[in-house]
Amino acid sequence: MQFPDTIFALSSGRPPSGVAVIRLSGPHSRLALEAIAGKVPPARRAVLSDFRSTSGDLIDRGLVLFFAEPASFTGEDCAELHVHGGRAVVDAMTGALSRIPGLRAAEAGEFTRRAFLNGKMDLTEAEALADLISAETEAQRRFSVVSAGGAQSSIYTGWRKRIVHARAMIEAELDFADEGDVPGSVSDQVWQDVAALVGEIGTHVEGFHRAEIIREGYSVVIAGAPNAGKSSLINALARRDVAIVTDEPGTTRDLVHVALDLDGVKVVVTDTAGIREGAGKVETIGIERALESVRKADLVVLLEDMSTPAGLTFPESQAERLRVGSKADLVDRRLVSAGGHFDLTISVKTGEGVDQLLGLIANKAGAAIGAVESLLPARARHVALLREAAGRLTGSLREGADLEVRAEELRLASQAFGKIAGTVDVEEVLGVIFSEFCIGK
């Protein structure tokens, strides 16, 4: 697809920096290089050049690269200008580019959008690229690299091809049964694979929560009675003051979140309001939010002040629980050694047990995500369309239904997969029919 205008943008980080990379894409890229650098260098070769404004003033000296269509990121003529990363230099370069006819500043994500529209990547790869750019942890990086490299797209494309093939076989039986080179009872050879595909999709979708943990973080909620040391603990885990700590009960009334990187996995720790009876109106709202966060957590750290124990009842949830005794420095050492009914005892004041707690959380977070390189559905959009496709495939397996209806269910299933990748081509079915059965030769 050819776009009438050429876009440009700072592709590297915000200045000041050692080097700034300004990227261009579009039909006027050659013209822009001639105007700014005085020449168009050989494709894919970095050339040192003077960069001048349209009035001839020297802006900077740096490297220029040119990528001829279609062998570029966007599929269009592209260029890169590597200049010194000072704010004044970048402003002067972008100002000079904006004065060239046919050039304009790019909108957010416009380079990747052009790459998608020109078939350089599908939607799953574009989404994975966005995740890779925003990756904060090693697990997020490794997960995004797999999808950005096309592995996720490959599995969805493979499933869609199987559905298209099944449609072709069924529609061939419906429309071309009188042709000699179309085998009879094709349906018997199709439905077994469709049933197997439903199972494969179901297994794949089950891994979505693992992908959510990788992308959004493993959720750890610290819960307990007022003054159990929850805010002190989250400050100790974060190694900075993120929550207010006082002796007054009910200080924490809203949820306080902090993101940690534990062994390459994002872990989101939440401090909650102390749970107790007879709280005021505002504090009660905080307690309700605390209980809701417990229900949604991956791991709940039930913190109990060992110096003044208080029994608490928590809502049922699927979350794993760790019972942690706090303020070990204030109780009899023999009680601390025995551990009582606690999984771990800690003292934020002395640091006792805090590193062990971090280690436990890290191990549980790592176990929750499993192999980062696994092919998992990365986004809720994918899961919704996968479930839609599986539902359509299940509908196509209804014995006794008209073959036309079952074929339509297959068509809708393939359409759902097309929406995941962003490509829906109705001509694919006819292409399969004519290539495999030589109809109309």
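1. In strand β6, R104 is the bridge partner of I7. Strand β1 (residues 6-10) and β6 run parallel and are joined by three bridges; two strands pair if DSSP finds at least two bridges between them. Strands (E, at least two residues) and helices (H or I, at least four) are DSSP runs numbered from the N terminus.

2. The model is predicted, so local features need pLDDT of at least 70 and side-chain atom pairs count only at pLDDT 80 or more, while totals for chains, interfaces and linings use all residues. Residues are numbered from 1 along each chain as its sequence is written, and side-chain values use heavy atoms, with hydrogens and water left out.

3. Six strands form an open sheet in the order β3-β4-β5-β2-β1-β6, with mixed pairing. The edges are β3 (47-52) and β6 (103-105), each with a single partner strand, so one side of each has no neighbour in the sheet.

4. Helix α9 (residues 230-238) and helix α12 (residues 354-369) have axes that come within 10 Å and cross at roughly 75°. Axes are lines fitted to C-alpha atoms, for helices over the stretch in contact, and angles run from 0 to 180 degrees between N-to-C directions. The two helices are therefore roughly perpendicular (65 to 115 degrees; under 35 is roughly parallel, over 145 roughly antiparallel, the rest oblique).

5. L233, A236 and L237 in α9 meet V354, L357 and L358 in α12; contact means heavy atoms within 4.5 Å.

6. D131 lies in helix α4 (residues 123-133). D131 is buried, with a relative accessible area of 11% (buried is under 20%, exposed over 50%, partly exposed in between, with a 1.4 Å probe and protein chains only). Leaving aside neighbours within four places in sequence, D131 is in contact with S144, R215 and R379.
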